[in-house]
Amino acid sequence: MKNKEKNPENKSRYIRISYTLTEDTPVHPDLTKISITPKNQIKEGDSYNTSVITAENHSGTHVDGPAHFLRDGRPIYTYDPNELVFHHPLVVNCPKEPDGLIVQEDLAPAFSEIDEKELDFDCILIRTGFSEYRETGTDMYLTKNPGVSPEVAYYLRQKLPKLRCLAIDTVSMSRFGRMQEMIDLHQTAFKTQEDLGQPLVFVEDLDLRPIHEGMTLEEVLVIPWQVGGIDSAPCTVLVKIRE
Ligand SMILES: [Zn+2]
């Protein structure tokens, strides 16, 4: 009812599902801590305000390009904006215990009642619910996150030939502290292979809480920082919704 009053014509609008980058953004101990340092300050007598930002490119909500794990993979700064706009997104609920592995059986039911020819999803957003630890249990959020198994990346690329983006509400697509699993997952998603569609990009550390049941997702826009030469970048993610 409230929504109707606010939005009488039931028009589409954008919501943001990327986090604001702050000095409190949880990052792994082996990443550079984010610093945002005021340089010029009007309140200190300067004529204008400026700040110096230091952040590793995999901090906060960010998009991984294939160059993150592949010598010949594409870096994110080479992507055309249209390659990072998705018109057939799907949120898949996948509640998992801490450190849980997301396997094919967790995702397959989402596609079971859809005709093969209609499986035109280009962006899958996995909702584990783990965001609840981001503010209150940082150590849990950083080191016990559920992660996607390498087999799932292969399964999704085969099942969904239009898929270009896999996104998740955890700090990383892969579980913490499992180097081989992490390498296999990223390489499976990013490699070029004839029987698979386009190499994927990953979006990690997303906030899917603003997306509610009953919303229709019309579009997802991934907008990375335009920084030359880097494999991956922090990004803003917008979703066009109708409710
Ligand atoms: Zn990353």
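Author: Helices (H or I, at least four residues) and strands (E, at least two) are DSSP runs, numbered from the N terminus. The model is predicted: local features need pLDDT of at least 70 and side-chain atom pairs pLDDT 80 or more, while totals for chains, interfaces and linings use all residues. Residues are numbered from 1 along each chain as its sequence is written, and side-chain values use heavy atoms, with hydrogens and water left out.

Start at Ser131. This residue sits in the loop between β8 and α3 (132-136). Is Ser131 buried or exposed? Ser131 has a relative accessibility of 3%, so it counts as buried. The cut-offs are under 20% relative accessible area for buried, over 50% for exposed, and partly exposed in between (1.4 Å probe, protein chains only).

Which residues does Ser131 touch? Leaving out residues up to four places away in sequence, they are Tyr19, Tyr141, Asp169, Leu206, Asp207 and Arg209. A contact means heavy atoms within 4.5 Å.

Take Tyr19 from that list. Arg134 lies over the face of Tyr19, at 3.5 Å from the ring centre. A charge sits over a ring if NZ of Lys or CZ of Arg is within 6 Å of the ring centre and within 35 degrees of the ring normal. Arg74 gives another case: its charged end sits over the ring of Tyr79, 3.9 Å from the centre.

The salt-bridge rule asks for a side-chain nitrogen of Lys or Arg within 4 Å of a carboxyl oxygen of Asp or Glu. By that rule there are 12 salt bridges. One of them joins Asp122 and Arg164 (3.6 Å, N to O). Asp122 is in the loop between α2 and β8, Arg164 in the loop between α5 (150-159) and β10 (165-168), and 42 residues separate them. Asp122 and Arg164 are buried. Another joins Lys117 and Asp115, with the closest N and O atoms 4.0 Å apart. Here Lys117 is exposed at 76% relative accessibility, and Asp115 is partly exposed at 43%.

Back to the list for Tyr141. Phe130, Tyr133 and Tyr141 form one aromatic cluster. Rings of Phe, Tyr and Trp (its six-membered ring) pair if their centres lie within 6.5 Å; planes under 30 degrees apart are stacked, over 60 edge-to-face, and the rest tilted. The count is four aromatic pairs. Phe111 and Phe121 have ring centres 6.1 Å apart and planes at 45°, so they are tilted. Both are buried. Phe190 and Phe202 are also a tilted pair, because their centres are 4.9 Å apart and their planes at 50°. Phe190 is in helix α6 (residues 179-190), Phe202 in strand β11, 12 residues apart. Both are buried too.

The zinc ion has four protein donors: His58 (ND1), His62 (NE2), Asp64 (OD) and Glu204 (OE), 2.2 to 2.5 Å away. Donors are N, O and S atoms within 2.8 Å of the metal (3.2 Å for Na, K and Ca); water is not among the atoms, so sites may look incomplete. Along the chain their spacing is H-x3-H-x1-D-x139-E. Asp64 is in strand β4 (residues 62-64) and Glu204 in strand β11 (residues 201-204), so the pair ties together parts 140 residues apart in sequence. Asp64 is buried at 0% relative accessible area, and Glu204 is buried at 3%. The angles among the four donor atoms run from 71 to 165°, and the site is irregular. Four donors are tetrahedral if all angles lie between 85 and 135 degrees; four are square planar and six octahedral if opposite donors are over 155 degrees apart and all others between 65 and 115; anything else is irregular.
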